[in-house]
Amino acid sequence: QVQVVESGGGLVQAGGSLRLSCAASGSLFNFNIMGWYRQSSGKQRESVATITSGGATKYTESVKGRFTISTDTGRNTLYLQMNSLKPEDTAVYYCRLQQWTTVSWGQGTQVTVSS
């Protein structure tokens with residue numbers, strides 16, 4: 001029922017930056033946990049960054065200091081700012097929104113980092 005649409009992916013050179021956006025139907029106040037996951041070809045989907053309704057953030061170790069997750073509740077949008085990108089960051093990135101026990105996923109956006 002909840003619609004989730006990601007955008008902002010693309011092809012960048014190593015060391016470059018991208019900002020991913022996740023537009024959700026309804027207010028972000030409805031979601032307890034919001035996050036970004038990624039899945040590389042042939043690998044399991046993994047959590048990249050999460051943020052709670054209270055503003056607490058968590059990052060996987062490989063992106064700490066390079067990625068920043070944030071929200072704009074007025075625009076019902078979740079962001080992932082990605083700096084100093086590396087080829088190993090190449091993956092499909094997915095937005096995940098959790099409201100209590102209900103989880104909604106976006107369709108994914110491709111991020112490709114060339115060396």
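Contact here means heavy atoms within 4.5 Å. I set this down first, as the entries on single residues rely on it.

**Entry 1: the model and the chain**

I noted that the model is a predicted one. I then looked up the secondary structure of the protein chain and found 0 helices and 11 strands. Read along the sequence, the pattern is β-β-β-β-β-β-β-β-β-β-β. The radius of gyration of the protein chain is 13 Å, close to the 13 Å that the globule rule gives for 115 residues, so the chain is as compact as a globular protein of that length. I recorded a span of about 40 × 25 × 25 Å for the C-alpha trace along its principal axes.

**Entry 2: burial, surface and charge**

I looked up burial next: 37% of the 115 residues of the protein chain count as buried. The accessible surface comes to about 6,200 Å², and carbon and sulfur atoms hold 45% of it. Taking contacts between residues at least 6 apart in sequence, I found that 53% join residues at least 24 apart. For the charges, I noted 10 positive and 6 negative ones, whose mean positions are 2 Å apart.

**Entry 3: Arg 66**

I turned to Arg 66, in the loop between β6 (57-59) and β7 (67-72). Is Arg 66 buried or exposed? Its relative accessible area is 10%, and the cut-off for buried is under 20%, so Arg 66 is buried. Its side chain and that of Asp 89 are joined by a polar contact of 2.8 Å. Leaving aside neighbours within four places in sequence, I listed the contacts of Arg 66 as Gln 81, Met 82, Asn 83, Ser 84, Leu 85, Lys 86 and Asp 89.

Ser 84, one of the contacts of Arg 66, received its own entry. I located Ser 84 in the loop between β8 (77-82) and β9 (91-99). Ser 84 is partly exposed, with a relative accessible area of 41%. I looked up its backbone and found a positive phi of about 50°, although Ser 84 is not a glycine. Most residues other than glycine have a negative phi. Trp 100 is not a glycine either, and I recorded a positive phi of about 55° for it. Trp 100 sits in the loop between β9 and β10 (102-105). Trp 100 is exposed, with a relative accessible area of 64%.

**Entry 4: Thr 77**

I found Thr 77 in strand β8. Thr 77 is buried, its relative accessible area being 9%. Which backbone oxygen lies 2.9 Å from a polar atom of the side chain of Thr 77? I identified the backbone oxygen of Arg 75. Beyond neighbours within four places in sequence, Thr 77 is in contact with Ser 21, Cys 22, Ala 23, Leu 28, Ser 70, Thr 71 and Asp 72.

**Entry 5: Gly 8**

My last entry concerns Gly 8, in the loop between β1 (4-7) and β2 (10-13). Gly 8 is partly exposed, with a relative accessible area of 34%.

Conventions
Residues are numbered from 1 along each chain as its sequence is written. This is a predicted model: local features need pLDDT of at least 70, side-chain atom pairs count only at pLDDT 80 or more; totals for chains, interfaces and linings use all residues. Side-chain values use heavy atoms; hydrogens and water are left out. Helices (H or I, at least four residues) and strands (E, at least two) are DSSP runs, numbered from the N terminus. The radius of gyration is taken over C-alpha atoms; the globule rule is 2.2 Å times the number of residues to the power 0.38. Buried means under 20% relative accessible area, exposed over 50%, partly exposed in between (1.4 Å probe, protein chains only). Accessible areas come from the Shrake-Rupley method with a 1.4 Å probe; for residues, only the protein chains shown count as cover. Lys and Arg count as positive and Asp and Glu as negative; His and the chain ends are not counted. The place of a charge is taken as NZ of Lys, CZ of Arg, CG of Asp or CD of Glu. A polar contact is a pair of N or O atoms within 3.5 Å; within protein, one must be able to donate a hydrogen and the other to accept it, and residues adjacent in sequence count only if both atoms are side-chain atoms.
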